[in-house]
Amino acid sequence: MVYVPVIPGVGPEYLELPDRYEMWYEDVKLVAEDGTKVHGWMIKPGKDLNCKGPTVLFFQENAGNISHRLQNVYRMIQKLHCNVFILSYRGYGQSEGKPSEAGIKQDAQAALDHLLERSDIDTTKIAIFGRSLGGAVAAWLASENPTKICCVLLENTFLSIPALAPCLLPLLGWALGYKSRPLNWIIKSPWKGSEFVANMLTPVLFLSAGKDEMIPQWHMRELFKLHRSPRSKWMDFPNGKHMDMWLKEGEKYWTCIYDFLKTNGSYPN
């Protein structure tokens, strides 16, 4: 897998900070199991530092850094009345190191461990959100920590990198794929989302774009079939694209997330 911490022509710096949107935030420095120092933001809604809603652990897509997600985070906090912790993977933004699957998994675990130690949030109401690459990260973390989170939100993610490669590069279909292919072994970060999801017991909301231009929708449909929790839910957005559902799908998008979180104990009755 090719990681893209820096979008060409944009640069590695954070373009803006959460306070631009009048959100309270805390710079958080974490140390992963291998000693790598990674950065994240704990973000709360305005002056409501005692928000009683859930805390969403947000895992971003492959390209760019966490500052590029701040408009999304702002809308999430507005609509869901939640806290958000957004993590900068190693090698991204202000985090040290070089990205790899093994390393990012350590970063994700460090982020969850940090949230579980905080006294200013309800640690029984931690939900994980992941889009694209972040969906694979979220699925892995949930499969490893089934009793520590209340639910998972997976948006436009993939079965695995080998399964995705032929969709982006059709000429590689003979060599790489979801099932066994002769060159699957060359991918150093395979991110086998299908295995992670199959091992998850946590309720999952599958948010799927019908016009995803990056990951064919059948990836999400197969993941939904693999998941075993009867409390999971499929939500289809026929006109949605890979990155824009939070912005263009309006109340339908945010209402289904809010209702799912409420069903899984994230809000007072």
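Is K105 buried or exposed? K105 is buried, with a relative accessible area of 17%, where buried means under 20% relative accessible area, exposed over 50% and partly exposed in between, for a 1.4 Å probe and protein chains only. The model is predicted, so that local features need pLDDT of at least 70 and side-chain atom pairs count only at pLDDT 80 or more, while totals for chains, interfaces and linings use all residues. Residues are numbered from 1 along each chain as its sequence is written, and side-chain values use heavy atoms, without hydrogens and water.

**Surroundings of K105**
- K105 lies in helix α2, residues 101-117 (helices are DSSP runs of H or I, at least four residues, numbered from the N terminus).
- Its side chain makes a polar contact with the side chain of E101 at 3.0 Å (a pair of N or O atoms within 3.5 Å, one able to donate a hydrogen and the other to accept it; residues adjacent in sequence count only if both atoms are side-chain atoms).
- Not counting residues up to four places away in sequence, K105 touches W140, W191 and F196 (contact means heavy atoms within 4.5 Å).

**Packing of α2 and α3**
- Helix α3 (residues 133-144) packs with α2 at an angle of about 60°, and their axes are 10 Å apart (axes are lines fitted to C-alpha atoms over the stretch in contact, and angles run from 0 to 180 degrees between N-to-C directions).
- On the α2 side, I104, K105, A108, Q109 and L112 meet V137, W140 and L141 of α3.

**Surroundings of N72**
- N72, in helix α1 (residues 70-80), is buried, with a relative accessible area of 3%.
- Leaving aside neighbours within four places in sequence, N72 is in contact with F58, R131, W246 and W254.

Terms used
Helix = DSSP H or I, 4+ residues; strand = E, 2+ residues; numbered from the N terminus.
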